[in-house]
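Subject: Structure for your files

Hello,

Here is the structure I said I would pass on. Please look it over before reading my notes.

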Amino acid sequence: MAKKQPLNIVKMKKYKQDGIPLSMITAYDYPTALLAEEAGIDIILVGDSLGNVVLGYNSTLPVTIDDMVYHTRSVVRGAENTFIVADMPFMTYHGSIDETLKGVRRLMQEGHAHAVKMEGGVEIADTVKAVVQAGVPVLGHIGLTPQSVNQIGGYRIQGKDAADAKRLMDEAKALEAAGAFGIVLELVTEEVAAAISKELSIPTIGIGAGRGCDGQVLVFHDVVQYASPYTPKRFVKTYGDVGSLIRSSIAAYVKEVKDRSFPAEEHVFNAADGVLDELYGQRKEKVEIR
Ligand code: KIV
């Protein structure tokens, strides 16, 4: 079978023009990336949500550039033919441009990502521009931006009133003007997300932002219920229950070890005839195997 060609940012824009929705999911390791690629996903996001769902923190703030490089590399090894975006972690793109480019370089050269994602609007537009000018595709992220959760005052829906709608529209336009190839809209009211998507020539990818976006993204652990720490969420649809399957599989394994039904005959290897006689020589003791 011919290898699937990864999407690129030019094709993504064409998808938007042709009305083809983009599918994006997060992944943080080799096996998940492998399965996502086999399932036909368009884009994989190595999100800093790994802080919550993989590393067990209660926010994305402790995630470091080393964490992102490590996880991005393993994802890329599993999904060589998929477009992979890696998150720039908290406070790695708010200092000097040189400092920002160092982090971007690590995600691209050591992590082998195809693009980076940054949270924020007007205030990071110059940074986005500098990164794009350095030749690196940037995916924007506005609305609920988890890295600013302490400033926003919690995980709140964005774009409920006219002033907030205008702010979001201005942020989206600033990112487009800065050269972002797309924008994630997180927890934005459906009407405002649709208006932004209509106004921009670059694709929007929504999470909790309704049906008018040009694509959708969900966190892998939410999609398959893999010990996802925040359940249930209204904007998430779960498509499987891997968590229950894993729990019951491990419980069955524990039970069989305890009652000695595992390993069974079919799981063992046998020595040649006479090996024990040679081992014990004249003692001729029998080794009891249950
Ligand atoms: O880190 C992440 O998983 C994200 C998605 C929620 C878009 O930024």
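Below is what I found in it, going from the overall layout to single residues.

The model is predicted. The protein chain is divided into domain 1 (9–223) and domain 2 (245–280). Taken over C-alpha atoms, the centres of the two domains are 47 Å apart.

The barrel

Eight strands close into a barrel, in the order β1-β2-β3-β4-β5-β6-β7-β8, with parallel pairing. On average, and with direction ignored, neighbouring strands of this sheet are turned by 25° against each other.

Helix α5 (residues 97–110) touches β3 (83–87) and β4, and its direction makes about 135° with that of β4. Helix α8 (residues 162–178) touches β5 (138–143) and β6 (182–186), and its direction makes about 175° with that of β5.

The annotated positions

The unreviewed UniProt entry places the feature "binding site" at D48, S49, D87 and K117. These positions span 70 residues in sequence, but no two of their C-alpha atoms are more than 12.3 Å apart, so they gather at one spot.

I looked at two of them in detail. S49 is in the loop between β2 (43–46) and α3 (50–53). With a relative accessible area of 15%, S49 falls under the 20% cut-off and therefore counts as buried. Leaving out residues up to four places away in sequence, S49 touches T26, Y28, T60 and V219.

K117 is in strand β4 (residues 115–119). Its relative accessible area is 2%, so K117 is buried as well. Beyond its neighbours within four places in sequence, K117 is in contact with L45, V85, A86, D87, M88, L139, G140, H141 and V184. One of these contacts, D87, is itself among the positions that UniProt lists under "binding site".

One more residue

Where does T127 sit? T127 is found in helix α6 (residues 125–133). At 10% relative accessibility, T127 counts as buried. Not counting residues up to four places away in sequence, T127 touches Y93, I97, T100 and M118. Of these contacts, I97 and T100 fall in the range of helix α5 (residues 97–110), while M118 falls in that of strand β4 (residues 115–119).

Regards

Methods:
Residues are numbered from 1 along each chain as its sequence is written. This is a predicted model: local features need pLDDT of at least 70, side-chain atom pairs count only at pLDDT 80 or more; totals for chains, interfaces and linings use all residues. Side-chain values use heavy atoms; hydrogens and water are left out. Helices (H or I, at least four residues) and strands (E, at least two) are DSSP runs, numbered from the N terminus. Buried means under 20% relative accessible area, exposed over 50%, partly exposed in between (1.4 Å probe, protein chains only). Contact means heavy atoms within 4.5 Å. UniProt positions are given in the numbering used here, feature names are shortened, and annotations may be inferred rather than shown by experiment. Domain bounds come from an automatic or database domain assignment. Two strands pair if DSSP finds at least two bridges between them. Axes are lines fitted to C-alpha atoms, for helices over the stretch in contact, and angles run from 0 to 180 degrees between N-to-C directions.
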